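The sequence and structure come first.

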Amino acid sequence: TKSSHGYQPDIQSRTPPYPKLLKRLHEVRRVLGPERQLTLAEKILYSHLDNVEESLLSSTDNGLNIRGRANLKLKPDRVAMQDASAQMALLQFMTCNLPSTAVPASIHCDHMIVGERGADVDLPESIKGNKEVFDFLESAAKKYGIEFWPPGAGIIHQTVLENYSAPGLMMLGTDSHTPNAGGLGAIAIGVGGADAVDALVDAPWELKAPKVLGVRLEGELNGWASPKDVILYLAGKLTVRGGTGFIIEYHGPGVDSLSCTGMATIANMGAEAGATTSLFPFSERHVPYLESTGRSSIALQAQTIASATPLQNLLRADKDAQYDEVITIDLSTLEPHVNGPHTPDLSTPLSKFAEAVKTNQWPTKVSAGLIGSCTNSSYQDMARAENLVKQASSAGLTPTVPFYVTPGSEQIRATLERDETLNTFVDVGGVVLANACGPCIGQWKRTDGVEKGDDNAIFTSFNRNFRGRNDGNPDTMNFLASPEIVTAMSYAGSTTFNPMTDALTNAKGEEFRFSPPTGAELPPSGFEIGKPEFLPSSGAPIPSTPVIVSPTSDRLALLDPFPPFPHNDLSGLRVLYKVTGKCTTDTISAAGPWLKYKGHLPNISANTLITAINAATGEVNIAYDIDGSTSGIPELAQKWKDQGLEWLVVAEHNYGEGSAREHAALQPRYLGGRVILAKSFARIHETNLKKQGVVPLTFENEADYDLITACDEVSTIGLFDVLTNRGQGSVSLKLTRRATGEEVVIKTRHTMSEDQCGFVLAGSALNVLARMQRS
Ligand code: F3S
């Protein structure tokens, strides 16, 4: 990287602690026996264990059977946070009263920036509209020694790849596409703010030991096929839940045929298959990337470690590593894929897509093409798209629909500007948006006449395509594809066009066919660093910095610790709501306009459960109080909270499925929720509830769900004993039915570990951390 402006990144803090990790790997080998062959995921994870012996000795099968079972206590090397989720993470961190973070961390302002008319207009307006939040994040970053990347500096995952990710690193990020860093050989896991706080205060972070799904790559991509197609194909094969509980570990001879940024694209979208993270082994292709991003010393160390004897090789899997499952992909025969609409696992090979459009009656016209995002904004992506634009320009063609380009970082943008790539896009009518999430996270103000309710098809190089995600219009179908395919489709304007076989016609009536795209992997003249105002602040803490949270703010509010558990069982709880059907984290804490209040727990709590279906009446968000009066669910919860009444929610299967959104646990807790009684829980959400001091219980007999009605009164039996006996014992609920006064005892199950009992007793995991810091 050109170090103009005197910018000197702190390479030491960006280098994984290799000597320590190698020592731990040695210990892992000693405990498991030298004959135990390890996957790369295991090597990196286990080398980050807080206590190697304690975790691994519990195994009885050479450490193999801990996968999917044991709770690993890990010490990550670094934390990255994006602006929307960083607010709650920092507010929680602040309650621990530490002078600085225990591990290096960074904040990236990318989610709150709108994409509308182009970076020059959109960026200043977004900064103005979110000034209070950005000021808070910047002041907290300064105080606690967190590197702060201001609005416009880039998208978190691109910036992390360019600056922080490195082979063998383990990091947490408060965003679900954190696994992007796995393209550069790091284990990078997306988490909620409370989990990030574990790492920030140096407490071990718990993870159920993942299983390892091996994806063997053979052959070499060619023609139109790109790294994006590898993951579009795989997402189709695995479905959105197929990767749950797994780390996807790529291996095989095809790995070295991929560029480093191509590997990042693939790792990024493992999240779409529900994987814990995705990981690539050290590859010689990592070396030029590390060098061109100013990290030659890391490249050198990684090369040395990767060529060490098998026993000491931290950066590649052992030869006979055992995977829980293996999928093989032949890159040589892979064709481009298009995924969508509305779900990223609906995957169609390009050659079959026109047929699928007809069969499903999807729109035949493309309404917009968008390239970039954290998934696909590398130099190579943009260079290959540029190549197609130049081909079409030479035939006198321009895109027939609005065409948007989102560079992933200022470094990418400045380099593309220098190399005239951006000009090529702008000359044909392309709009260059700010280096931020913009349309990918719904911050897209469409100006192309498409209104809410209009059926239309967009092609994007993004990673997610749930209804309404991009423009708030549930009738927009987002088809995910590589930037190359998106670019070609923007010229055709037709969803049935196949750029590999079909021709376009120019104004003179001449036929034009695209040739397969080409483009340099890395900029031949190196990366530009870009505008100095987008460089990060230093990571040195300045404890005297005041952290700005206005008491009258409606966007930020300091957190008050939750009170500890009483010294006895809970009594006098009321059933606030009995939910029927799916209850996802979106149902519990809606996104969209509510994102604005992520740093203000009281305000965002007004969205609690607002799309939950009332089991008794089928109504949505209509709750009944004891006197029969009705209100919204959050309003009734607030009313009861004001009356000093605590409550529980009763629900069906997989309560809290979806994301790691911690607000879905924080909000019920804030409003007085004590217990969630469900037929089953989504694992991450269940953990989040315990971390916030809410007790998740499941029915021993599912049919007991039918015995309960809203406003019934509930007392716990045995809960206090379970909590004080490190999770031993069982809990029942004594139900007094509101209608008849009849008493019923309902048997339940719990999954509280010793640590989790401690969280509930203390009031929250954060209270435990704060206490540890004080003592
Ligand atoms: Fe941002 Fe979209 Fe990635 S929201 S972090 S660009 S998935």
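## Domains

The domain assignment, whose bounds come from an automatic or database source, gives domain 1 (335–512) and domain 2 (573–774) in the protein chain. The C-alpha centres of domain 1 and domain 2 are 43 Å apart.

This is a predicted model: local features need pLDDT of at least 70, side-chain atom pairs count only at pLDDT 80 or more, and totals for chains, interfaces and linings use all residues. Residues are numbered from 1 along each chain as its sequence is written.

## Annotated span

An unreviewed UniProt entry annotates residues 575–702 as "domain: Aconitase A/isopropylmalate dehydratase small subunit swivel". UniProt positions are given in the numbering used here, feature names are shortened, and annotations may be inferred rather than shown by experiment. In the model, residues 575–702 are 27% helix and 22% strand, with 17 Å between the end C-alpha atoms.

## Overall fold

The protein chain has 26 helices and 30 strands. These are DSSP runs numbered from the N terminus: helices are H or I with at least four residues, strands are E with at least two. The C-alpha trace spans about 85 × 60 × 50 Å along its principal axes. For 775 residues, a compact globule would have a radius of gyration near 28 Å, and the 26 Å of the protein chain agrees with this. The radius is taken over C-alpha atoms, and the globule rule is 2.2 Å times the number of residues to the power 0.38.

Of the contacts with a separation of 6 or more, 79% join residues 24 or more positions apart; a contact requires C-beta atoms, placed from the backbone, within 7 Å.

## Burial and helix α8

Buried residues account for 55% of the 775 in the protein chain. A residue is buried if 20 or more other C-beta atoms, placed from the backbone, lie within 10 Å of its own. In helix α8 (residues 156–163), eight of the eight residues are buried, so the helix is largely enclosed by the rest of the structure. Among them are His 157, Gln 158, Glu 162 and Asn 163.

## Tyr 323

Tyr 323 is in the loop between α13 (296–306) and β11 (325–330). Tyr 323 counts as buried because it has 20 C-beta neighbours inside 10 Å. Leaving out residues up to four places away in sequence, Tyr 323 touches Thr 39, Val 212, Leu 213, Gly 214 and Glu 249. Cys 96, 227 residues away along the chain, has its C-alpha atom 40 Å from that of Tyr 323.

Note on methods: Buried ≥ 20, exposed ≤ 12 C-beta atoms within 10 Å, placed from the backbone. Contact = placed C-beta atoms within 7 Å.
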